Amino acid sequence: MGADLSHADAPRPTSRPEAPSALRLDTARICPKGPAVGIDLGTTKSCVAVCQRGRVEILANDHNSRTTPSCVAFTERERLVGEPAELQASLNPENTIYNVKRLIGRRYDDPSVQLCLKNWPYHVVEAGNGKAKVQVSHRGVEKVLYPEEISAMVLYKLKQVAEASLGRPVTQAVITVPAYFSDAQRQATIDAGAIAGLHVLSLVSEPTAAAVAYGLKETRQRKGKRNILIFDLGGGTFDVSILTAQDGVFEVVATAGDSHLGGEDFDQRLANQLAQEFKDKFQEDPAESRKAMQRLKAACKRAKQTLSSNTTATISVDSLYKGIDFHTTVTRACFEDLCCDLFQATMVQVQQVLEEAGLKKSQVHEIGLGGGSTHIPMIQRLLSKFFDGQRLCKSISPEEVVAHGAAIQAAVLTGHRYQNLQNLLLLEVTPVSLGLETVGGVMDVVVKRNSPIPTRESRNFSTTEDQQSSLFLQIYEGERMLTKHNRLLGTITLSGLQPAPRGVPMIVVTFQIDHNNILTVSATERNTGNKKELAIANTRGRLDREEMERILQEEEEHRAQEKLEEEKLEALNALEASTLQLKRAAAEKSLDDRAKRRLLEICEEAAAWMEDNRLAPKKAYEERKKELEGVCSAILTHFNTREAQQQEKPKES
């Protein structure tokens, strides 16, 4: 078997299918089955929206909030998602999972994962396949979960939000991902959607979704080609993309960014600074306590948000560490100085994306903001200054703009073509270069980063040894010259080659990328037609079939159990409400002391029984309620009958 490839002398064939027809062909076979939603699955917060009758609606959750924290907590009694999970985080830091988007589709030994482990209070472990998993304690049992499972819990919550708002089942969604997400991260996101019971119609990059939202709103009165720059800085990821918009067609020209930069890093900077301040003042180090740092970081996050509209923010954490209260004031200037290098790093990416798009600053017509971190005044100042004072588009909330655009795409993909959505088409690019390892461990790029997708690129190779019977192909993604610095996606072994001198066999290697940025690589021996194909979708980044079946089974069991728990709680609440109502009735009614005392005794007995039977089944609560109401009704009926008889006696005499 030869591990190296050599270039054949044959010319390099290159072809790209027309993206409009390819995408429309995919959408034509999707039958509209109920509403399809757009979901911005964020690092810190997520959002769900729907486009109906040509208008987009952001759907509020059961806390009347238009965004839901991407946070999941495990307790002795239940699993919490969203606001309830976030509220108890400081009390249960080791079992409250957040920022899982920074883990999804990554291996445990990934440097970015190792960096995060230093700051997270929960445990991340290495799975047998090298992937990162989170370890939690749930109902007294230790569990190890893939990041996809945690993301699926957030997606399922958003699915419930949509179903509650729309009054119909929701099974289809467009989910957004950072433009700089790798193939493995995209595949893992699709798996998360499947676990949540969602058919993922398409993955759309976050800047592209934002551009659609802003583009339809800002450019509908303008004719001709418009260049839109989307600056998307969220809780954990940063993307900057340039798109062109013309006649409803949005084409990504170039994209850049950092999948490990966002508001979470700003919070951590401030938390580390204040932990040092605490240490200097009290000679105690709160960094030694995960719980203390979790509480401090939560306070820093609130302070950061305050500093977006005020020049000072007060941080106050009672009994932060070893019983010591911590109170301090942070100024906007101090915060900006602390994170200045991180803010400036985003401008480097802006410059890079302009160069790759071949555009001057003056050729950018709109600048759209996405992600909650774009509320930071210094970010807006730097961006506006970079473009010589150009106005920033703020017509849509940065936290909602990505979900807004995703909802529009979901409507288009399910055939809902309203007047303002007619001819809408998204043309994206691949964010990372893709290629093969050749002689000397050199990366031979087949598909360059920022190549339009869908795309199909072919390259001719040959053998490096005489009579070579097989060829070993290693597929990588990355921008470095040597493959050891890039990321291995998968391997193909093409066996059964016809014996021949080296350099004679002609092997055609084809890279094909669909509109979801999913890669398929094939190798074909030209003379014999001997072919081997690898769909990266079925290898790196995806859970295998057995794992998926196990996870889906566990989720089905959990949801069934959760439904039973909800019904049981409703029965318990109904019993408690009935008890309180009868106690009030006993106090308000003109009963004699004996009847009143008996009613109150029965209600107190019921209250004591509830306290001792919190784990009783639903039927027990329903029977107790029926019994309680029956006895109380009998007492009241008896009292009313006796009263009526006493009132009748004077008339008879």
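Trainee: How do the residues lining the largest pocket divide into nonpolar, polar and charged?

Mentor: In this predicted model, they split into six nonpolar, nine polar and ten charged. Asp, Glu, Lys and Arg count as charged, Ala, Val, Leu, Ile, Met, Phe, Trp, Tyr, Cys and Pro as nonpolar, and the others, Gly among them, as polar.

Trainee: What makes a residue part of the lining?

Mentor: Having an atom within 4 Å of a pocket point. A pocket is an open set of points on a 1 Å grid over the protein atoms alone, where a 1.4 Å probe fits, with protein on both sides within 12 Å along at least five of seven lines. Here 25 residues line the largest one, and Arg-106, Asp-110, Ser-182, Glu-477 and Arg-487 lie nearest its centre.

Trainee: Which helix and strands each supply at least two lining residues?

Mentor: Helix 3 (111-117), plus strand 17 (249-258), strand 26 (471-477) and strand 27 (487-494). These are DSSP runs numbered from the N terminus: H or I of at least four residues for helices, E of at least two for strands.

Trainee: Why does the pocket lie between domain 1 and domain 3?

Mentor: Because domain 1 (36-261 + 341-427) and domain 3 (429-538) both give residues to its lining. The bounds come from an automatic or database domain assignment.

Trainee: What makes the bond joining Ile-453 and Pro-454 cis?

Mentor: Its omega is about 0 degrees. Pro-454 sits in the loop between strand 24 (452-453) and strand 25 (455-462).

Key. Residues are numbered from 1 along each chain as its sequence is written. This is a predicted model: local features need pLDDT of at least 70, side-chain atom pairs count only at pLDDT 80 or more; totals for chains, interfaces and linings use all residues. Side-chain values use heavy atoms; hydrogens and water are left out.
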